[in-house]
Amino acid sequence: MRPKIQQLLQKLEIEISKASAISNATKIEADSLSRATPASPSASGDRYHAENQAELNRILLQSLITFKQELDEELETNIPMFARPVTFVKAIVNNQEREFYLVNNPVKVDANFVSINSPVGMALHGRKIDEEFEFGEEAKISGKIIEIG
């Protein structure tokens, strides 16, 4: 059982529902503008912006759905022994406790994400509980993983 991943999945499902509604609404608006507006430069600009907004919302929705698929797969696995995407990580970083999810591609959800491609993510990847890490050249940041979920 992966309770932290399950909690993230619940938040993600709410965001998918919102993003789906917004994506559908902007698509309808863009379609409506493309059929109803005359061919003036201003109307063309409005159409162009509406179509682009609809496409951006579609891309956001697709990224959320892709991330949900990753989480669904993670729910089928046991809690890993080391930090890897997608895992919950609690760590002491510069003497402060931090909680976040180590992921491949962060998405817009009410959660703290660390990309595996970021300096922090690269320092954490493959580390086990109680294992120390550090990153940064000039301003070194160090810490220790205290929980993986």
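A residue is called buried when its relative accessible area is under 20%, exposed when it is over 50%, and partly exposed in between, using a 1.4 Å probe and protein chains only. Keep that in mind as you tour this predicted model, where local features need pLDDT of at least 70, side-chain atom pairs count only at pLDDT 80 or more, and totals for chains, interfaces and linings use all residues. Residues are numbered from 1 along each chain as its sequence is written, and side-chain values use heavy atoms, leaving out hydrogens and water.

**Stop 1: the whole protein**

Show the cartoon first. You will find three helices and five strands, where helices are DSSP runs of H or I with at least four residues and strands are runs of E with at least two, numbered from the N terminus. Walking from the N terminus, the order is α-α-β-β-β-α-β-β.

Now zoom out. Along the principal axes, the C-alpha atoms fill a box of roughly 65 × 40 × 20 Å. The radius of gyration is 20 Å, while a compact globule of 149 residues would have one near 15 Å; this radius is taken over C-alpha atoms, and the globule rule is 2.2 Å times the number of residues to the power 0.38. Of the 149 residues, 35% count as buried.

**Stop 2: Glu74**

Is Glu74 buried or exposed? Glu74 counts as buried because its relative accessibility is 10%. Next, show its partners: apart from neighbours within four places in sequence, Glu74 is in contact (heavy atoms within 4.5 Å) with Arg2, Ile5, Arg84, Pro85 and Val86.

**Stop 3**

Leaving aside neighbours within four places in sequence, Leu71 is in contact with Ile5, Leu8, Leu9, Leu12 and Val86.

Which residues have the most contacts inside the largest nonpolar core? Select Leu12, Phe67, Leu71 and Phe113 to see them, in a core of 17 residues. A nonpolar core here is a set of buried Ala, Val, Leu, Ile, Met, Phe, Trp, Tyr and Cys residues joined through side-chain atoms within 4.5 Å. Colour α1 (3-36), α2 and β2 (96-103), the elements that give two or more residues to this core. The most come from α1, which gives six residues.

**Stop 4: the second core**

Finally, select Ala91, Val93, Phe100 and Ile116. These residues are included in a second, separate core of 14 residues.
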